Amino acid sequence: MSKVYDVIVLGAGPAGLAAGLYAGRSRLSTLVIEKGKDGGQIAITDDIENYPGQIVEGESGPSLIARMTQQCEKFGVERASDVINEVHLDGDIKVLKSAKAEYQSKTVIIATGAFARPIGCKGEKEFMGKGVSYCATCDANFFEGFEVYVVGGGDSAVEEAMYLTKFARKVTIIHRRDELRAAKSIQEKAFKNEKLHFMWDTVVEEVGGDGILSEMTVKNVKTGELTKIVADEDDGMFGVFGFIGTLPNSKIYEGTGLEMDERGYIPTDADMHTNIPGVFAAGDIRVKSLRQVVTAAADGAIAATQAEKYINELK
């Protein structure tokens with residue numbers, strides 16, 4: 001591919017789409033590359049209440065993202081559905097390679113986000129999609145009328161657990177501590193929900209079953225006591241949803257000279273500059289204190305504005 005773009009954005013979540021919008025509107029030749037569907041983590045969120053300017057009632061992650069995607073299209077942002085497996089970020093022209101193409105750009109905005117942290121129990125991989133899930137919006141309907149368990153105690157875990165009560169007969173939050181880490185306003189709603197139950201000071205040791213998840217061993221972290229949970233005989237199965245944080249999608253940048261912290265998140269300054277000139281990072285992949293749609297969108301806007309400034313200084 002001989003075209004050299006002004007800006008290539010890796011990732012089409014809120015940060016990537018905001019970056020694409022600002023770059024496209026600035027008349028920069030812009031390409032957004034996304035390997036899956038637009039939205040990232042927010043694409044699996046059923047209910048949004050805290051994005052300024054959203055539809056007050058009935059806003060979902062997919063509905064919000066759909067409008068962001070349309071805005072990028074309006075300002076001529078090009079799109080590619082591809083998996084980048086090699087990056088060369090040094091020099092004036094950055095090179096990104098996939099199995100089918102090579103992309104070149106004067107600047108790169110990394111907005112590849114983060115993904116769900118595994119529960120870390122035995123049998124987890126074997127039962128992914130067979131009872132173990134990390135997306136309530138995606139899989140809640142599969143457990144209508146069944147029991148489900150949610151692992152975690154932060155905002156996402158509790159919010160997703162409450163969402164699951166719309167489908168499941170009973171929802172139990174399994175948390176390794178004796179109190180939730182979620183915001184107090186979220187906790188208040190949770191404790192009022194009659195279908196929501198709590199298993200404190202507990203971690204999941206193992207999940208199992210005959211082809212589909214039907215049993216689980218949990219351990220009390222204070223006493224060490226192991227308890228085996230078996231699905232109701234009439235049900236024959238239950239669900240386990242993991243919401244214990246995220247890990248950055250940054251493995252591809254290892255060995256490229258791009259600075260990352262010990263967890264793989266990318267440090268930037270307030271203007272989204274990384275340690276490599278012409279390379280910016282935005283959204284959940286950054287080292288930051290708050291990972292929300294509103295902060296991701298702001299990051300993307302800043303990154304694109306700084307990319308434009310960088311390009312102008314090259315001339």
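Mentor: Keep in mind that this is a predicted model. Start with helix α4 (residues 155-164) and helix α5 (residues 184-192), which pack at about 30° with axes 10 Å apart.

Trainee: Which way does α4 cross α5, left-handed or right-handed?
Mentor: The crossing is left-handed.

Trainee: And which residues meet there?
Mentor: From α4, Asp155, Val158, Glu159 and Met162. From α5, Ile186, Lys189 and Ala190. By type, that contact has four nonpolar residues, three charged and no polar.

Trainee: Switching to strands. What's the order in the sheet of five?
Mentor: β8-β15-β9-β10-β11, an open sheet with parallel pairing. At the edges sit β8 (132-133) and β11 (196-199), each pairing on one side only.

Trainee: How many bridges join β9 and β15?
Mentor: Four, between β9 (residues 147-151) and β15 (residues 239-242). Within that pair, Val148 has Gly239 as its bridge partner.

Trainee: Where does α4 lie relative to those strands?
Mentor: Across β9, β10 (170-174), β11 and β15. It runs at about 170° to β9.

Trainee: Now the inside. How many residues are in the largest nonpolar core?
Mentor: The count is 32. Val7, Val9, Tyr51, Met68, Ile109 and Phe280 have the most contacts inside it.

Trainee: Which element gives the most to this core?
Mentor: α6 (293-314), with eight residues.

Trainee: What does Tyr51 touch, beyond its sequence neighbours?
Mentor: Setting aside those within four places, Leu64, Met68, Val293, Val294 and Ala297. There is also a second, separate core of 23 residues, including Val148, Val150, Val158 and Ala190.

Terms used. Residues are numbered from 1 along each chain as its sequence is written. This is a predicted model: local features need pLDDT of at least 70, side-chain atom pairs count only at pLDDT 80 or more; totals for chains, interfaces and linings use all residues. Side-chain values use heavy atoms; hydrogens and water are left out. Axes are lines fitted to C-alpha atoms, for helices over the stretch in contact, and angles run from 0 to 180 degrees between N-to-C directions. Helices (H or I, at least four residues) and strands (E, at least two) are DSSP runs, numbered from the N terminus. A crossing is left-handed if the near helix is turned anticlockwise from the far one by less than a right angle, and right-handed if clockwise. Contact means heavy atoms within 4.5 Å. Ala, Val, Leu, Ile, Met, Phe, Trp, Tyr, Cys and Pro count as nonpolar, Asp, Glu, Lys and Arg as charged, and the others, Gly among them, as polar. Two strands pair if DSSP finds at least two bridges between them. A nonpolar core is a set of buried Ala, Val, Leu, Ile, Met, Phe, Trp, Tyr and Cys residues joined through side-chain atoms within 4.5 Å. Buried means under 20% relative accessible area, exposed over 50%, partly exposed in between (1.4 Å probe, protein chains only).
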